[in-house]
Amino acid sequence: MKTCIHSEIGRLEGVVIHTPGTEIENMTPMNAERALYSDILNLSIATNEFEQLKGVLQKVSTVFEVKDLLSRVLSDNKAQNNLLKAICETEKTVKFDELANIAPEELSRILIEGLALPKNNLTNYLSNERFLMRPLHNLFFTRDSAMGVNNHMLIGKMANRVRERESLLMDAIFRYHPGMDTQILNFQKPETGITRDKLSTIEGGDVQIARDDIFVIGTGIRTSTQGIDFIIENIRKIKKEKHHVIVQELPASPESFIHLDMIFTFLNTHECMVYAPIVLGINRFRTIHFEIEKGKVQKIEEHPNILAALKKLGMDMQPICCGGVGDTWVQEREQWHSGANFFAFAPGKLIGYQRNTHTIDELHKNGYEVIPAHDVISGKILPDDYAKCVVTIAGSELARGGGGARCMTLPVRRAKVNWDN
């Protein structure tokens, strides 16, 4: 599959997901904060909810599982050696020889679910650590560790060390899997020769492709200004035609504001979901527009908000409010549970949590048919029978992990959008 992402809303043709596994259960109240969680999840409930997301995606697109892609990569000796060396150099708790002779499928499982610390000496016996190689508790949020940017896959540079292996796995998948055809941009080893700043971090939850020439990127606790500068430098070097980067500053707290897609997502050619107090309110968080052409940053200017910046570039977006309009308490509650975090699998065709009832009602008021996930999975209802629809999935447990449908999906290919509709 040749990767191609020129928008947030083009009809989905390929997507990478990871069904949560025992790595979710290998978390305790003592290490939850280190794992970037505020609570521990119930795996059986989270898995049932995730199956709704996966089931809907399988009806509308080709779906790839990380563990399957990784197993195929690990069956190639060169790819396996390069990946294991990178992991051992990064984590320094496990040795290459301890992993090299494990069968690909089992090794794939270990790299995701962790490797137990052997209690074979006094130091290990007394250690409070359970794992020699820690589980990847956050891997089911596949959006963060890689992101499609036009014909490239940008490998994320995670803000927290606990997630570094996720980026290494994604780099190996897109670099070595025979079924993935792409050009890679990686902060760790930039193919373009651009040197990154040591403070550079970027995660996919902060990167949105508005149009093939317009990128909207959030900067906050997960994506640094240096990380965005790296992207701007790559655009300046790779692209000769005019491109635009709209940068949105994000609050440092609470934790529900970790990424741009927790307050803003594209829904259609002319509609977007917004958390109004941050995106539309009068606040101190700036929106900065960079215009890049012919290898140079031609202009830098500020706008009142993202919508104003997009409108100046010919994208007149109607905002639909997370939590509905009027009651800021309701807006705050639903934003906390990823009420603004929608995933578009085609223009005007969305997936989101059914628990955010006021947000779903607001979508319905704006012409979106509300469809339960099980009706799509069973074939009872076809999303293509509606001009606009929102497919609702259960999210009582998944939402407690701190992300929504967009966070749990990594599109690798979308069709072109007819912007005249």
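A: Let's start with the salt bridge: a side-chain nitrogen of Lys or Arg within 4 Å of a carboxyl oxygen of Asp or Glu. Here Glu164 forms one with Arg161, and their closest N and O atoms are 3.7 Å apart. Before we go on, this is a predicted model, where local features need pLDDT of at least 70 and side-chain atom pairs count only at pLDDT 80 or more, while totals for chains, interfaces and linings use all residues. Residues are numbered from 1 along each chain as its sequence is written, and side-chain values use heavy atoms, leaving out hydrogens and water.

Q: Is Glu164 buried or exposed? And how about Arg161?

A: Buried means under 20% relative accessible area, exposed over 50%, and partly exposed in between (1.4 Å probe, protein chains only). Glu164 is buried because its relative accessible area is 16%, whereas Arg161, at 61%, counts as exposed.

Q: How many salt bridges does a search of the whole structure find?

A: Side chains of opposite charge can pair when their charged atoms come close. The search turns up 24 of these salt bridges. Some join up: Glu8, Asp261 and Arg406 are linked in a network.

Q: Which parts does the pair of Asp181 and Lys2 tie together?

A: Helices (H or I, at least four residues) and strands (E, at least two) are DSSP runs, numbered from the N terminus. The closest N and O atoms of Asp181 and Lys2 are 3.9 Å apart in their salt bridge. Asp181 sits in the loop between α7 and β7 (183-186) and Lys2 in the segment before β1, so the pair ties together parts 179 residues apart in sequence. Asp181 is partly exposed at 42% relative accessibility, and Lys2 is partly exposed at 48%.

Q: Where do Glu113 and Arg109 lie?

A: An α-helix has 3.6 residues a turn, so residues three or four places apart point the same way. Glu113 and Arg109 are both in helix α5 (residues 104-113), four residues apart, about one turn. Their side chains meet in a salt bridge of 3.0 Å, N to O. Glu113 is buried at 18%, while Arg109 is partly exposed at 34%.

Q: What does the side chain of Arg163 make a polar contact with?

A: A polar contact is a pair of N or O atoms within 3.5 Å; within protein, one must be able to donate a hydrogen and the other to accept it, and residues adjacent in sequence count only if both atoms are side-chain atoms. The Arg163 side chain contacts that of Asp144 at 2.9 Å, and that of Glu166 at 2.8 Å. Arg163 is buried, with a relative accessible area of 2%.
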